[in-house]
Amino acid sequence: MLMSLTASHKNASFDLLEQLSLDADAVATSITTASERVRGSVVVATCNRFEVYVDIDGDGPDAAMGAVSAATAVVAGASGIDAATLERTWHVKTDESAAEHLFAVTSGLESVVVGEGEIAGQVRRSLESAREAGTTTATLERLFQRASQTSRGIKNRTPIGRAGRSIVRLALELASSRVTDWSSMRVLLIGTGAYAGASLAALRDRGVTDVSVFSPSGRGATFAANHGIATVDPADFASVVAAADVIVTCTVTEGFVLDADILQRARVEYALAHTSAHVRDVLHRDGTPGCPVNHDAYQLVIDLGLPRNVDPDVASVHGVELVDLETIRIHAPLEELQATEVARAMVGKAARTFTRVTHEESLAPAVVALRAHGQRILDEEIARIAHRDPDGVAASALRHLVGRLLHTPTTRARELARDGEAERYVDALEALFGIDVDADAAAERDGEAAS
């Protein structure tokens, strides 16, 4: 059974999502080892969602409830959120519904900005991280690969995402009423993470040419060289912060990289460094804490980090407007209804196809076991009559007969799998032929491992 547990901007507060922004790899590993029923898991953690996809050994309510409890306990322990709060928050989906949800997420249909381009890459990187952590399964691999294929199909065949809308682009749109000439803006980009490249592209599309990057982790020089922009030395950080017209933060560092105190002190230092000696002397003599900055200047701070990179108190600084993920969510545009309907129809069809194929593959070991059983009997009978069948006529007839006898059970396997009745098929094989599918599959795996 496949299952997804979702907390997103649609059912959880921004503060709760911020608490959930934790080490996804470690959580996936812990969930996989927390219950014998859990074969594998993949965690998708982005700025507006935290989702767990689980491959469960077994079907039915008991298996699902056990997996939910195990995953919730792990996430609660890692995030510090009460387990009862998580249980009330989760949107839980299984099998086809879980597949349809992931396909919609990967295609940008569940994003704050419908059709955003970043989410497909984030989902793909979630699968890659799970691979490195060793928490994927064949079913989860197929699920996530099919999600990527569906996303590409929707991008190529519908208007969704063609306008290049994204979270950062919407943030710039929200600020456009205050910024008359983007080409004259001095921009400081803090961070080199997933949103940094998208942010730089969106800024350049608006005509911005003066961009510098600062990385708390020290990766700024590499990012700057790759994108043809300036890098900021830590010693110059305060002056660049004060001089910037726009500051975009998108780093994964812990703690705030910018708050009201940092911004105010940066402004003071910048003003003093660019003020005449006479004015500086007057300022020092009378003890005035302020500085001759242009108080009519507008400074835009865009915080794309989760957890927050910017302390909300920067909004109290004169002339500063803060646009964070909560602001973006509130002002997100309505979906383009027609395009979205077509995209969702494609998602639904892809989910049904995935589920049908998955069900058919779930009975593959049973069909293999049945055919192996028939082949053993056939080989025994051919060996028994070999001395009386020098021309192989009887052997050929037996092969034809066994092929015809196995045709209908093989076809019925697909039909029953599509109808969700695979267990009936496995039970019938054991009742009629004494075939233990699980034991046969285990013996085959042991033989492969030995060789």
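Author: Gladly! Let's begin with a term: buried means under 20% relative accessible area, exposed over 50%, and partly exposed in between, using a 1.4 Å probe and protein chains only. This is a predicted model, in which local features need pLDDT of at least 70 and side-chain atom pairs count only at pLDDT 80 or more, while totals for chains, interfaces and linings use all residues. Residues are numbered from 1 along each chain as its sequence is written, and side-chain values use heavy atoms, with hydrogens and water left out.

Reader: How many residues does the chain have, and what share counts as buried?

Author: The chain has 451 residues, and 45% of them count as buried. It holds 19 helices and 10 strands; these are DSSP runs, helices being H or I of at least four residues and strands E of at least two, numbered from the N terminus.

Reader: How should I read aromatic pairs?

Author: A pair of aromatic rings is described by the distance of the centres and the angle of the planes. Rings of Phe, Tyr and Trp (its six-membered ring) pair if their centres lie within 6.5 Å; planes under 30 degrees apart count as stacked, over 60 as edge-to-face and the rest as tilted. A search of the whole structure finds four such pairs. Among them, F50 and W90 are stacked, because their ring centres are 6.5 Å apart and their planes lie at 25°. This pair links distant parts of the chain, 40 residues apart: F50 sits in strand β3 (residues 49–56), W90 in the loop between α4 (83–89) and β4 (91–94).

Reader: What about strand pairing?

Author: Two strands pair if DSSP finds at least two bridges between them. Strand β9 (residues 299–303) and β10 run parallel, joined by five bridges. Of the five residues in β10 (residues 320–324), four are buried.

Reader: Where is confidence lowest, and where highest?

Author: Confidence is given as pLDDT, the predictor's score for each residue from 0 to 100. Helix α13 (residues 277–286) has the lowest mean, 46, and strand β6 (residues 210–214) the highest, 96. Where pLDDT is low, the predicted coordinates should not be read in detail.
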